[in-house]
Amino acid sequence: MRLSHRLATCVAAIGVFLAPTTPAVGQAPPSVPRTHDGKPNLNGIWQAITTAEWDLQAHAAQAGRPDLGAIGAVPPGLGVVEGNTIPYQPASLMKRKENFEKRMTDDPVIKCYMPGVPRATYMPFPFQIVQTQTAILVSYQFASAARVIQMRALKPAPVDSWMGQSSGRWEGDTLVVDVTGLNGRTWFDRSGNFASDSLHVVERYTLVTPDAMTYEATIEDPKVFTRPWKISLPLYRLLDKNAQLLEFKCVEFVEELMYRPLLKRPAK
Amino acid sequence: MGDTGCRWGKRHRVQRGAQMSKSLSAMVGAAAAATVAVLLTSVTLAGQAQSAASTPAAGQGKSTWTTPRTPWGDPDLQGIYTSNDNVGVPIERPERFGTRTMLTDKEFAERDKEAKRAALDDKGDRRQLAADNTGDGPEHWYERGKTSRRTSLVVDPPDGRVPLTPAMRKRADDWEKQRFGKGGVSTWLDFDLWDRCITKGMPTVMVPLGYNNSYEIFQAPGYVAIFYEVIHDVRIIPLDGRPHIDQSLRQWLGDSRGRWEGDTLVVEVTNFSEKTMGNQQPAGPYRGGGMSQRLIERFRRIGPDALEYKVTLEDKDAFTRPWTMDIPLAKDDNYQIFEYACHEGNLSMVNMLEGIYGRQDATDEPGKTTNR
């Protein structure tokens, strides 16, 4: 009796401790704002505070391009991959190592290509959500990338694309987004983690306080991985006064890099 | 130039520009031919029997329709719209029409006949493809809606002409010569902002040009967002009365602030960049204003399937007076917007630059190549 009472107190205490960060599955705490149709209100400008953009897995700080010194160096991170293992098939692991060696030239975002999903979410750039009952617009600052999450089931994408096709639904208070039709030409991070055009991402957005949500993405690609794997990280609301998404139209910044070599003459 | 490989059509998702010849002369010739085709089309084509503005709730007789509201009480503008019913209405009114805003029945019949002909996959298109003349591809690839009776998109000044300053008019004319193979293209900076896959530009993005003329409007409390298919540009317009960003901060699409005047969304756009001045995709002779440009946009639902869009442009450095375009939008919720991955597939830019750089007299000074 006494033991079970203590156990019950204990369990309750754990529940209280965990409540702000890990609500029961599919249910947000009552304090989160809601839209007129009663869903958690995800409207706003969000950004990840993480070094997943440099490497999804745990990584120590390291040098970057020597000429950029400290500002080009890689910040350290605990990693966002559940269990810290990305289950590559053997040939894919070789490819990943090759990507890492060529990361200073081959990362597609160097050329201002759209970063794909889930990478757009955790780049060090904000994005804005405009939420309606039938569709949710996600506008990313980087490369003016954008996607519309249709809140209904969709037929297979008619053509592959950089940002894929997104079909959303609410599972309780979690926005679950099924992303298919990705073209496999993006990387997950600057260290060369990658997938193919068989990539299937299931994202879960759960508001845990008015200004924070958890973001999870389950990543599945039978051509590249031996099993599905998962990343998880928080997203934070930008609280800056009059915050707004400014332009980062990076095409302008890569034309010299991409087109100058066609001239086959050195810059003056 | 209107022919980069980045423009994905709803019905023709191929990188058309990728077919382009590496030969500069062929390339410029193709572009010229395509441009001529577009210009001819502009003069003789398309749009809707009446301006949407003049026929609220068209075809529904005396309608009891009222502007729908969002759950929080704002006028509800949401949906997917296209400007395809105004494909082919020239931006600037041809001088022969004077101040007349609508075609006569006879003129309309001719325009409609020409539009139907252009939509056919006919022998002329086949000949164009077979020749050394790939350009933008055949004419029937272009999207078009109902044929319009309107004589121009510009509704003010009354003559329908864009009141460019003499310097800007000269700049537009010079660029037009450049497009026709007369030289002046030497680096990527000599191409317009759409060719470079940066933006179709404000407010040119609303002008129907060839394909992908779609706009999806989203609303949340305090915001209206517009997702443009072309270049996947997004504008998220705050309605909370906040001031514009600091004037030292300049953007390709400017900085937008909105407010409701009755059922009309009024948006003021400022903070344009000197880089948009004269460098945008041409909309008639208009190629973008600069640092002094200010737009006032008006969006108003005028029926279940129609949105009125009017934009007034001011720029003391580019125009002699403010002027206004009226671009009626039709709601089409069955339209499927595709990802417009322009820069990612911009092989035309590569091909064109290789054509230019392969020449003995090539230079990397912008605007200095003698490519003839």
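The largest cavity in this predicted model has a volume of about 370 Å³, where a cavity is a set of points on a 1 Å grid over the protein atoms alone at which a 1.4 Å probe fits but cannot get out, and a volume is the space filled by probe spheres set on the points, which are joined across faces, edges and corners. Because the model is predicted, local features need pLDDT of at least 70 and side-chain atom pairs count only at pLDDT 80 or more, while totals for chains, interfaces and linings use all residues. Residues are numbered from 1 along each chain as its sequence is written, chains are lettered from A and ligands numbered from 1 in the order in which they are written, and side-chain values use heavy atoms, with hydrogens and water left out.

The largest cavity is lined by 27 residues, and those closest to its centre are A:Leu245, A:Glu247, B:Val234, B:Arg235 and B:Ile236; a lining residue has an atom within 4 Å of a point. At least two lining residues each come from strand 3 (135-140) of chain A and from strand 5 (234-238) and strand 6 (255-261) of chain B, with strand 5 of chain B giving the largest share, four residues. Strands here are DSSP runs (E, at least two residues) and helices are DSSP runs as well (H or I, at least four), numbered from the N terminus. By class, this lining holds 13 nonpolar, nine polar and five charged residues, where Ala, Val, Leu, Ile, Met, Phe, Trp, Tyr, Cys and Pro count as nonpolar, Asp, Glu, Lys and Arg as charged, and the others, Gly among them, as polar.

Strand 2 (residues 127-131) of chain A runs antiparallel to strand 3 of chain A and is joined to it by five bridges, with A:Ile129 opposite A:Val138, and three residues lie between the two strands in a hairpin. Strand 4 (residues 146-150) of chain A pairs with strand 3 of chain A in the antiparallel sense over five bridges, with A:Ser139 opposite A:Ala146. The hairpin of strands 3 and 4 of chain A has five residues between them, and A:Ala143 in the turn has a positive phi of about 60°.

Chain A as a whole has five helices and nine strands, and 49% of its 268 residues count as buried. Chain B has five helices and eleven strands, and buried residues make up 61% of its 372 residues. In chain B, helix 5 (residues 347-357) is largely enclosed by the rest of the structure, because eight of its eleven residues are buried, among them B:Met349, B:Leu353 and B:Tyr357.

Terms used: 1 Å grid on protein atoms, 1.4 Å probe; cavity = no way out; pocket = protein on both sides within 12 Å on 5 of 7 lines; lining within 4 Å. Pairing = 2+ DSSP bridges. Buried < 20%, exposed > 50% of the residue type's maximum accessible area, 1.4 Å probe, protein only.
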